[in-house]
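Here is a friendly walk through a protein model for someone meeting it for the first time. Take a look at the sequence and the structure, then read on.

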Amino acid sequence: MGGQAFDQGVSTLLASYRAIPPNATVRLAKKTSNLFRKRAANPHPGLDVSGLDRVISVDPDARTADVAGMCTYENLVAATLPYGLAPLVVPQLKTITLGGAVTGLGIESTSFRSGLPHESVSEIDILTGDGEIITATPTNEHADLFFGFPNSYGTLGYSVRLRIELEPVKPYVALRHVRFTSIAELQAAMETIVTDQTHDGERVDYLDGVVFSANESYLTLGRQTDEEGPVSDYTGMDIYYRSVQNKTTDRLTIHDYLWRWDTDWFWCSRAFGAQNPKIRRWWPKRYLRSSFYWKLIGLDQRYDIGDRLNARKGLPAGERVVQDIEVPIERTTDYVEWFLANIPIEPIWLCPLRLREPALPGSDPVRPWPLYPLEPQRTYVNVGFWSAVPVTPGDPGHTNKIIERKVAELDGHKSLYSESFYEPEEFDELYGGESYRLLKKRYDPRGRLLDLYAKAVKRQ
């Protein structure tokens, strides 16, 4: 932590902006990303955000933290847990940055009670396309940008500093894995838990689920506790998501609970052989984490390793289907059963979410976050699925397209961190087109930053 280092980071950022030619698109210079869509190469210098990777300060009395935009949640949690505090929503992967979770979208098992990461932000310093750093809050002259920033993916500016709300946490999390033999039964139970925030008379602080098949699915209910006792460790040979099937109860430290999905990138580490006991035994523990799998994905994207291996086996190339979507909770069964019948991917992740109440002062009571217009007082379920299917000859992105159509049919949305195939008119309707154009005109009048459709769909 330290304000002086942060100030130097801001100076470096502004100097790098001035070094970008006036006719060049402004982009980040950082080499890593949690995006799954390919990006066009940038022939010009980029923004140097290397000094914006830290927690500036933690105020344990006010339960707030000032955080630089490129600080990872791994570093953020490491700074807050010693105070018995944590961000209200901690996305699942250690390398996700706070700024990325706000300008994109983050979600986790507290989202049924705490909404999305941007909802616990009280003010943001944003570098706009014009090279100015402005402070946006829910009630100041830049309130339009404050509410329009989430889901803009760096096309309205880049977060430099964020002030976020923190919540008290206890040292341990007690888990219950509740099995269901039908998706409809799981949906009904999830609706009740979201409303009551209890199950069988016990408080529920964390809620998510895993679907292995139409006949085998689970809700995991977490309760914070300070009761001492044995805890499990899923950072070595044991694999967390398999424990959901094999245990009815469990206990983790709060630290290990927050990062329970990172060791095996949910279940995606199996694609690299990391879940094979013979391989895992010799896999260095420091490489059992999402940041290393990202490097392997980067190599695959660069050299088409997966498709080359498939070709040697006489198999077709793969279409990546790496998506998170949201549908209203009452349509969960419709979507999941359709998915299981039509898309050969399993398991899938479920995470209920509900925008926080009351809405922030100055927000639109109907659609408070215009670029991802979920409705207040309505519960949604995030469905996450991350794999590949055989390509459909003559129709690039076939499976992703039919998923987009089904999600729209069910009054849902999908996140934009991966491939999208929408036509411009539908994209405008789903992602706040008119609101976005007004923000773009005010905060990036010279078009120094990419357009959201160009970035999310055209992969520019």
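## A proline in a loop

Pro 347 is found in the loop between α12 and β14. Helices (H or I, at least four residues) and strands (E, at least two) are DSSP runs, numbered from the N terminus. The peptide bond joining Glu 346 and Pro 347 is cis, with omega at about -5 degrees.

A quick word on the ground rules: this is a predicted model, where local features need pLDDT of at least 70, side-chain atom pairs count only at pLDDT 80 or more, and totals for chains, interfaces and linings use all residues.

## Helix α12 and its cover

Helix α12 spans residues 332–342, and its buried residues include Tyr 335, Trp 338 and Phe 339. Buried means under 20% relative accessible area, exposed over 50%, and partly exposed in between (1.4 Å probe, protein chains only). Among the elements covering the buried residues of α12 are α6 (183–196), β13 (318–328) and α13 (398–409).

General background first: in soluble globular proteins, nonpolar side chains tend to be buried together. A nonpolar core here is a set of buried Ala, Val, Leu, Ile, Met, Phe, Trp, Tyr and Cys residues joined through side-chain atoms within 4.5 Å. The largest has 87 residues, and Ile 164, Trp 267 and Phe 427 have the most contacts inside it. A second, separate core has 33 residues, including Ile 325, Ile 329, Trp 338 and Val 407.

Which residues does Trp 267 contact, leaving aside neighbours within four places in sequence? They are Val 210, Tyr 241, Trp 261, Gln 275, Pro 347, Ile 348, Trp 349 and Trp 386. Contact means heavy atoms within 4.5 Å.

## Rings meeting rings

The structure holds 30 aromatic pairs. Rings of Phe, Tyr and Trp (its six-membered ring) pair if their centres lie within 6.5 Å; planes under 30 degrees apart count as stacked, over 60 as edge-to-face and the rest as tilted. With ring centres 5.1 Å apart and planes at 75 degrees, Phe 427 and Tyr 453 make an edge-to-face pair. Phe 427 sits in helix α14 (residues 424–430) and Tyr 453 in helix α16 (residues 452–456), so this pair ties together parts 26 residues apart in sequence. Both Phe 427 and Tyr 453 are buried.

Ring pairs also link up a cluster, and its members include Phe 212, Tyr 241, Trp 261, Trp 267, Trp 349 and Trp 386.

Seven of the nine residues of strand β7 (residues 172–180) are buried, so β7 is largely enclosed by the rest of the structure. Strands pair if DSSP finds at least two bridges between them. β7 pairs in the antiparallel sense with β11 (residues 216–225) over nine bridges, and with β12 (residues 249–253) in the antiparallel sense over five bridges. Ala 174 has Arg 223 as its bridge partner in β11 and Arg 251 in β12.

Val 169 is in the loop between β6 (158–168) and β7, and is buried with a relative accessible area of 12%. The C-alpha atoms of Val 169 and Ala 86 are separated by 6.5 Å, although these residues are 83 residues apart along the chain.

## Two positive phi values

Asn 151, in the loop between α5 (143–148) and β6, has a positive phi near 75 degrees. Is Asn 151 buried or exposed? Asn 151 is buried, with a relative accessible area of 0%. Asp 200 has a positive phi of about 50 degrees, and Asp 200 is exposed, with a relative accessible area of 70%.

Key:
Residues numbered from 1 in each chain as written. Heavy atoms only, no water.
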